[in-house]
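Welcome! Let us look at how the parts of a protein model touch one another, and take it one surface at a time.

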Amino acid sequence: MTRWFGAGHSTLTDPAAAGAAAAEAAFEGREPVLAFVFCSVGYHVPEMLDEVRTRVGPETVIVGCTTSGQMTTGQAGGDGVAVVALGGEGFDVRTRIARSVTPRLREAGAEIAGCLDEVSSPHRVLLMMADGLTGNQHEMVRGAFSVVGAAAPLVGGCAGDDLTYVRTYQFYGGRDGVEILTDVAMGIALGSDAPLGVGMAHGWRKQGDAMVVTRSRDGRVFELDGEPALDVLLRRLGLDESALDDMAAFRDRIFLHPLGMSRRSGEDIRVIHGADPSDRSVLCLADVPQGALTWFMESDHDALLDGARESAAQALDGLDGHQALGLLAFDCAGRRTVLGDEGVQQEIGVIGKELGDVPYGGFYTNGEIARLRGSLGMHHFTLVTLALA
Amino acid sequence: MNHWSTHQLTEFFAAVGSSQDERSATMVAMERASEVLEAEVGAVLVDGRVEVAWGIRGDELDAALGGDPGTATIGMAGNDELFVASARFGSKHRGDLLVARAGEPLSPEERQLLQAMAQTLGLALDNIKLLSAERRQRVEREREAAERLALLESLREARHDSLTGLPTRVLFLEVLEEKVRGGTPTSVLFIDLDRFKAVNDSLGHRAGDDLLAHVADRIRHCLRPGDVGARLGGDEFAVLLHDTTADEAVPVAQRLIEAIRRPFPIFGRDVFIGASVGIATHCDTAPVDPGDLLGNADVAMYKAKKEGTGKVVVFAPQMHAEALARLTLTSDLQRALAHGEFRLQYQPLIRLADGATAGVEALVRWRRPDGRYVAPADFVPMAEENGLIMDIGRWVLLEAGAQAARWRETMPDLHLNVNVSGRQLTDPGFAADVRLMLTEFRLPPTAVTLELTESVLMNDPAGAIARLTDLKALGVRLAVDDFGTGYSSLSYLQRLPVDELKIDQAFIPHAEPTAEDLAVIRAVVEMARALRLRTVIEGIETEAQLAAMRRLGCDLGQGFHLCRPADPERLLSPVAA
């Protein structure tokens, strides 16, 4: 059977109907090896998954999660169900799950990475999907890297709940049943006879002078260049103390000015999601190591769209000239917020233009995973893509 | 491009240095180094072998390196060519910190950073080694110290009293042995507390323990630095006075008694006790057993106690004979009880108004196997002391009850008086014994009067009131025996639930009572009448005394002139008469 990649989307409100419609569009009657189900929060998930299950084979792996938005070929949006699937010869899929991961992210990362060993295809990748509210997810990537090593890339994203930060769910199973879980990490080892390409770009650029993180702990930055981080942030953005009175408005404002950390491969983005006036610290979604060189970042609409193009292009580039079959996308929920509805349509237009008629699909995440070079692999405000040939 | 940063190095040092052991330090080091330098592979090599690896399996890296950390590049399946960089760590080359990166070799700045990290790792490992050696030593030292302490504690427990902290008999005898060997005069004070038992009984054991600890403190304060105080057990203490003759020891003993006589604050109230002290001194070089010396002091203390509370007695050799007699008496009393050598005699109580027999008082007698009678005064104190009085008292109660029941068949108004000792009164089972006697012989409680001596009652008036109240609840009558010989507090007398005063015969010393004699007795009788107590005058030996007592209005009389104590079978006829 020839290799195929399909993506289907439905915005029907009835969970069963939406699940059926998205699955049918993605499968087109074919039996998938691996089916991803991404859906917005609020669906009655078991009914939706039942419809997906009736359309797969006995060996099909079903994984997925709740999101902060879905995208499929030509479509993107907040509400709905997306089913992304692949099948045919030359794909090998193994999975592993780790439960109750919050207190043991590193161990969980190592645990789920174990499935990669069971795949012996010439081209391999470890897809990782996890609860997006578990804390320092970099530890999970570290754990996975300690097992997988440099030989295979790590790609994936963390489940979302439409940016409400209350609870996310993960789906794990097959035709005979799909578990609906929370606080888990899932490893999906994907082996392929044909090359796999990974792309990663964000479209942000440095703004102003570099700063050294002189004091921080995990995601909390206390000092930049020896000065209270919040003072630096307010000054750089031209805000006064009264901006802190309305924390929600302040958060919207600083959302557009993440911190960037200098990496060999470019800048790694850290979303600032709050500030603590009591100790003058600023709070980032992922760790900002003490000693790092950092900038405030800025972007504009066109640059963000260009990031999407860049990510897709990198992924296609990784296929060593092979024809692309499809593309999996893990796009930051923050990018979607910044771009707005119209911008998101433009983004998928850009991706579509880069891919031609190659289908694609994925979701808006609470943290993107891509380890390609070096040992660091947790990202934010980034579009991570995986192209399959 | 990575950036040299002292902060990164500081953070690196903190992370590596805070590791508890060498293995986790090297693990953290190569992880952080590969992250900072964004290398795919990190490793720590020791003796040319990969000890810990990051991003690749150790054995694979070992094979790829071929034992040479200086290798410039390595190739691995599924990966681009990896550029290797390494730096030695440790002042004496303990190993190599290695990173390997795909695509791009380390820049000179990055190599410098790697060098600095390796140095840091070396320093951290040295520190960890020192610290863990120190930690091991500390643990070892702590273990040894704990063992020593436990040993000392166990020795201390055997040789020191946990309640008072004073040496025990064991340690005291050891020290004493050492002192008497020296040849200088050494005095041993044997201290026994007076009324301690009453405190223990009335305030409870915790109060008793508290009191003993306070007593120990007072004893300590009376001693010179070289002297030794000890608790021998119960309420007995001993003191060793070195280089002290018997004459010099007496004032010390008196000071001790004075100190103990001062009130003790126990559970918010002042408790008064006393002490009796016996002294034994060793003053020549002749060998003496320390146990014997302490025993002598004990004998002297016993004598002091016999003479009354708060006395000091110095041991004299003849006291041994007395002590020996005491020992014999104790075993004889036990045998007497077992073999039924006790018997009861009865002395009537005569109503002075009409000469009728109102009742009989049961009096215990000891008839030895050789036929000799032993007077109660000669054995009751000893029985009180060794506790046999409880058994004897119980026997008396039942025997007298049985006899009274027999008499009451023909003389239904006959009353029975039974003497109760101090120890019996404090025995929690005594009231039950009385009840048993009443039911066993179907005696109405009002037909029985329990006699208690004044000294027993006044020793612990508050406790006595409580116990007498219990007895009164049975319905029996209570009498104060030998009234006037102790130091009755009139206020207590008023509060004691008694029915009868037995006026001691000491009040009528003259065959012809003098005006003074009569004045005193009249006062007592009138007081008794005011308190609604029946009066019994003891020891009427002449007709003149009888007439005088009748005139004074005494209710009942007892004495040889009226009727001598007699065996029950012989008493039957005069009583019946």
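What follows describes two interfaces, one inside chain A and one between the chains.

This is a predicted model, in which local features need pLDDT of at least 70 and side-chain atom pairs count only at pLDDT 80 or more, while totals for chains, interfaces and linings use all residues. Residues are numbered from 1 along each chain as its sequence is written, chains are lettered from A and ligands numbered from 1 in the order in which they are written, and side-chain values use heavy atoms, with hydrogens and water left out.

**Inside chain A**

Start with chain A, which is divided into domain 1 (4-201 + 303-388) and domain 2 (205-298); the bounds come from an automatic or database domain assignment. The centres of these two domains, taken over C-alpha atoms, are 29 Å apart. Each domain brings 14 residues to the contact, where contact means heavy atoms within 4.5 Å.

On the domain 1 side, helix H8 (333-355) and strand E25 (378-379) of chain A each supply at least two residues, and H8(A) gives the largest share, 3 residues. Helices (H or I, at least four residues) and strands (E, at least two) are DSSP runs, numbered from the N terminus. By class, this side has 6 nonpolar, 7 polar and 1 charged residues. Here Ala, Val, Leu, Ile, Met, Phe, Trp, Tyr, Cys and Pro count as nonpolar, Asp, Glu, Lys and Arg as charged, and the others, Gly among them, as polar.

**Between the chains**

Now turn to chain B, where 26 residues are in contact with 26 residues of chain A. Which residue of chain A forms a salt bridge with Glu31(B)? The partner is Arg142(A), and the closest N and O atoms are 3.8 Å apart. A salt bridge is a side-chain nitrogen of Lys or Arg within 4 Å of a carboxyl oxygen of Asp or Glu.

On the chain B side, helix H1 (6-17), helix H2 (22-36) and strand E5 (95-102) each give two or more residues. H2(B) has the largest share, 4 residues. The residues of this side divide into 8 nonpolar, 8 polar and 10 charged.

**The buried areas**

The size of an interface is often given as the accessible area lost when the parts come together. Buried area is that loss (1.4 Å probe), summed over both parts.

| Interface | Buried area | Share on carbon and sulfur atoms |
|---|---|---|
| Domain 1 and domain 2 of chain A | about 1,200 Å² | 63% |
| Chain B and chain A | about 2,000 Å² | 46% |

Notes: Buried area = accessible area lost by both parts, 1.4 Å probe.
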